[in-house]
Amino acid sequence: MDIHLHQITEIHNAHLKISGSKSETNRLLLLQALYPNIVLENVSTSDDSEVMQKALTTNFSSSHCPPERSRGIQEINIHHAGTGMRFLTAYFAIQEGSEVVLTGSARMKERPIQVLVDALRQLGADITYEEKEGFPPLRIKGKKLDKNQVTLAANVSSQYISALLLIAPKLENGLQLTLEGKITSVPYIQMTLDLLKQIGIKTIFNQNKITVETQPTTNNQQPTTLTIESDWSSASYFYSIIALSTEGTQITLSKYKANSLQGDSALTEIYKNFGVATTFNENSITLRKTNYQLSIINYQLNNTPDIAQTIAVTCFGLGISCHLTGLHTLKIKETDRLVALQNELQKLGGKVTITDDSLQLEASAEINSNIKIATYNDHRMAMAFAPLALKVPIIIEDAEVVSKSYPNFWHDLKSIGFEVSEH
């Protein structure tokens with residue numbers, strides 16, 4: 001379904017409740033599967049988290065496989081869920097006696113996973129490739145992993161590292177992880193370690209070495225309730241909307257806190273430069289447009305790559321130039337996000353150059369109207385471009401793709417005054 005966002009001149013002040021963080025939810029769902037005494041509140045409603053929940057409740061007593069697969073082997077399809085592919089690869093590697101084939105969409109079969117597979121093999125895991133070497137689908141035979149030392153490059157996706165850390169307390173001898181080189185996306189690694197600490201797991205993160213102690217049970221199996229903070233990546237689109245709005249416009253979002261575990265909470269500082277002030281309330285944040293003067297943006301986003309699309313589109317909408325770096329992980333997301341951004345911004349009249357890890361946008365006062373924005377099966381492409389309706393009418397192709405992380409996105413836009421119709 002394509003949708004037409006009609007041009008609007010202002011939005012309504014509103015209070016929106018944003019679903020729980022997908023990043024926190026998926027980590028905690030895996031930990032809950034390992035430690036059933038964990039109780040979760042404000043779980044993400046995203047497709048990715050639903051896929052994760054379904055996979056973690058796999059019944060190994062029967063087969064759901066196609067006839068050509070061996071009987072008793074489960075085939076688990078995680079579709080476009082990259083986090084699910086990484087985390088579940090590690091999870092099923094330690095499920096003794098199980099055997100699964102972990103697969104996904106056509107795009108998922110193009111996304112590399114060899115770094116994680118090699119690391120798990122260092123620990124003794126039994127994982128083989130069903131099709132192309134280094135890529136899903138994977139055949140995983142679960143077993144006890146008694147080795148505890150792994151070394152891998154530090155500049156890989158933090159999800160590989162988090163996948164290892166999440167299963168570490170269930171390993172017989174814990175885990176000693178050595179990262180070689182400059183670490184990418186430290187906040188996401190820190191998030192994983194902080195969540196482990198919340199359920200009583202002892203960890204040490206010292207320079208490029210991470211140690212996680214073994215812990216067969218947690219908190220003497222007494223129920224532990226954890227409330228998941230709302231998703232800061234989802235909040236980014238409202239930061240963009242406020243940035244493109246008139247002075248004095250405001251929106252309140254919940255449930256958010258000042259001491260967030262999420263790296264994308266850097267939005268509060270980044271968007272000050274776009275005239276967006278953030279006020280922390282007891283259980284929410286209020287975004288308000290203030291006066292600002294800005295001509296160029298330079299950001300190193302290796303710690304916050306998921307908000308790069310939002311920032312680039314905000315800059316384009318405001319007619320200012322930007323230079324964004326640290327974006328090498330964007331090439332292996334749901335699509336090559338750097339190429340996708342370049343393609344769609346150029347349709348709108350933008351002048352964009354990209355490298356393997358950067359994007360340069362020239363300032364432009366003109367925005368082409370009624371342009372169809374391709375989304376490339378990428379939820380963030382759809383949501384990042386939507387705020388431009390404050391400047392010109394715009395069409396978003398395959399708009400339902402937002403369900404991957406934010407199913408209520410179009411409903412919430414309507415509630416603050418966006419005019420949305422099927423195209």
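This is a predicted model: local features need pLDDT of at least 70, side-chain atom pairs count only at pLDDT 80 or more; totals for chains, interfaces and linings use all residues.
Residues are numbered from 1 along each chain as its sequence is written, and side-chain values use heavy atoms, with hydrogens and water left out.

- Ser233 sits in helix α7, residues 232-243 (helices are DSSP runs of H or I with at least four residues, strands are runs of E with at least two, and both are numbered from the N terminus).
- Is Ser233 buried or exposed? Ser233 counts as buried because its relative accessibility is 5% (buried means under 20% relative accessible area, exposed over 50%, and partly exposed in between, with a 1.4 Å probe and protein chains only).
- The side chains of Ser233 and Asp264 make a polar contact at 2.4 Å (a pair of N or O atoms within 3.5 Å; within protein, one must be able to donate a hydrogen and the other to accept it, and residues adjacent in sequence count only if both atoms are side-chain atoms).

**Helix α2**
- Helix α2 spans residues 47-56, and its buried residues are Asp48, Ser49, Val51, Met52, Ala55 and Leu56.
- Those buried residues line one face of α2, because they fall within an arc of 160° seen down its axis (the arc is that of the directions from the helix axis to the C-beta atoms).
- Their cover includes α1 (22-34), β4 (74-77) and α3 (82-93).

**Cavities**
- There are 2 cavities of 30 Å³ or more in the structure (on a 1 Å grid over the protein atoms alone, a cavity is a set of points where a 1.4 Å probe fits but cannot get out, and lining residues have an atom within 4 Å of a point).
- The largest cavity has a volume of about 330 Å³ (the space filled by probe spheres set on the points, with grid points joined across faces, edges and corners).
- Of the 24 residues lining the largest cavity, Lys22, Thr83, Gln159, Asp306 and Lys333 lie nearest its centre.
- At least two lining residues of the largest cavity come from each of α1, α3, α5 (158-167) and α11 (379-385).
- The second largest cavity holds about 50 Å³ of space, and its lining residues include Lys22, Asp231 and Ser234.

Technical notes
Contact means heavy atoms within 4.5 Å. On a 1 Å grid over the protein atoms alone, a cavity is a set of points where a 1.4 Å probe fits but cannot get out, and a pocket is an open set with protein on both sides within 12 Å along at least five of seven lines; lining residues have an atom within 4 Å of a point.
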